[in-house]
Every structure is written in C-alpha cells, then in structure tokens.
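Subject: Structure handover

Hello,

Here is the structure I promised to pass on to you.

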Amino acid sequence: MPGKKNPSVKDPKLYEELREDGASKQKAARISNAAAKKGRSDVGRKGGKAGDYDDWTVAQLKAKAKEIGLTGYSSKKKSELISALRNS
C-alpha cells in the first residue's frame with residue numbers, strides 16, 4: 001500500500017502514540033496489532049498475571065531475558081535487567 005509506513009501494523013495511530021511515549025518498535029507493533037484485533041478496551045484489561053519483576057530473583061530475570069531473546073543480559077544488575085525486560 002503506497003504511503004503506509006509499516007504494512008504489518010494494524011492500528012498506525014496507536015502505534016505512533018506508543019512510539020512517542022517511548023515504547024520500542026516491537027512492543028508498539030504488538031500492542032497496536034492486538035488492539036486492532038480485539039479492541040482497545042480488551043487489550044487494556046489484558047495482563048496482570050505475572051508477578052512484579054522486583055519480586056523475581058536475578059536468575060529468574062536472566063531466564064526471562066533469554067526466553068524473549070534479549071542480548072547482553074548476563075552482566076546486568078537486577079535493576080538493569082528489570083528495565084530491559086519492561087522496555088522490550
């Protein structure tokens with residue numbers, strides 16, 4: 001489609017809003033596509049099943065970082081791991 005920046009993004013307006021708020025490209029695309037598929041109110045209610053990262057051990061945080069494909073996590077401190085996971 002001519003003029004469309006990213007054809008895989010289903011809700012470009014929400015995508016741009018999330019990017020302006022500091023979300024990564026991947027995270028913004030994931031949220032905007034879920035909102036387009038299920039509706040924004042359903043996506044807003046989703047989540048809340050995992051515990052707070054502050055309650056996790058460093059080993060658990062590193063395992064999660066590995067699971068989602070982050071790199072450079074082995075030398076990070078707990079606070080840095082939490083930040084990387086929250087912003088991925």
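Let me start with Asp54, which is partly exposed at a relative accessible area of 43%; buried means under 20% relative accessible area, exposed over 50%, and partly exposed in between (1.4 Å probe, protein chains only). Before going further, please note that this is a predicted model, where local features need pLDDT of at least 70 and side-chain atom pairs count only at pLDDT 80 or more, while totals for chains, interfaces and linings use all residues. Residues are numbered from 1 along each chain as its sequence is written, and side-chain values use heavy atoms, with hydrogens and water left out.

Now the charged pairs. The model contains three salt bridges, a salt bridge being a side-chain nitrogen of Lys or Arg within 4 Å of a carboxyl oxygen of Asp or Glu. Asp54 makes one of them with Arg86, with 3.7 Å between the closest N and O atoms. Asp54 sits in the loop between H3 and H4 and Arg86 in helix H5, so this pair ties together parts that are 32 residues apart in sequence. (Helices are DSSP runs of H or I with at least four residues, and strands are runs of E with at least two, numbered from the N terminus.)

Arg86 also has a salt bridge to Asp52, at 3.1 Å from N to O. That pair too links distant parts of the chain: Arg86 belongs to helix H5 (residues 78–86), whereas Asp52 is in the loop between helix H3 (40–45) and helix H4 (58–68), 34 residues apart. Arg86 is partly exposed at 40% relative accessibility, and Asp52 is partly exposed at 38%.

The remaining pair is Lys64 with Glu67, at 3.6 Å from N to O. Both residues lie in helix H4, three residues apart, or about one turn of the helix. Lys64 is partly exposed at 23%, but Glu67 is exposed at 60%. Through shared partners, salt bridges join Asp52, Asp54 and Arg86 into one network.

What makes up the largest nonpolar core? Eight residues do: Val9, Leu14, Tyr15, Leu18, Ala23, Ala28, Ala29 and Ala35. A nonpolar core here is a set of buried Ala, Val, Leu, Ile, Met, Phe, Trp, Tyr and Cys residues joined through side-chain atoms within 4.5 Å. Another core, of seven residues, lies apart from it and includes Tyr53, Ala65, Leu81 and Leu85.

Best wishes
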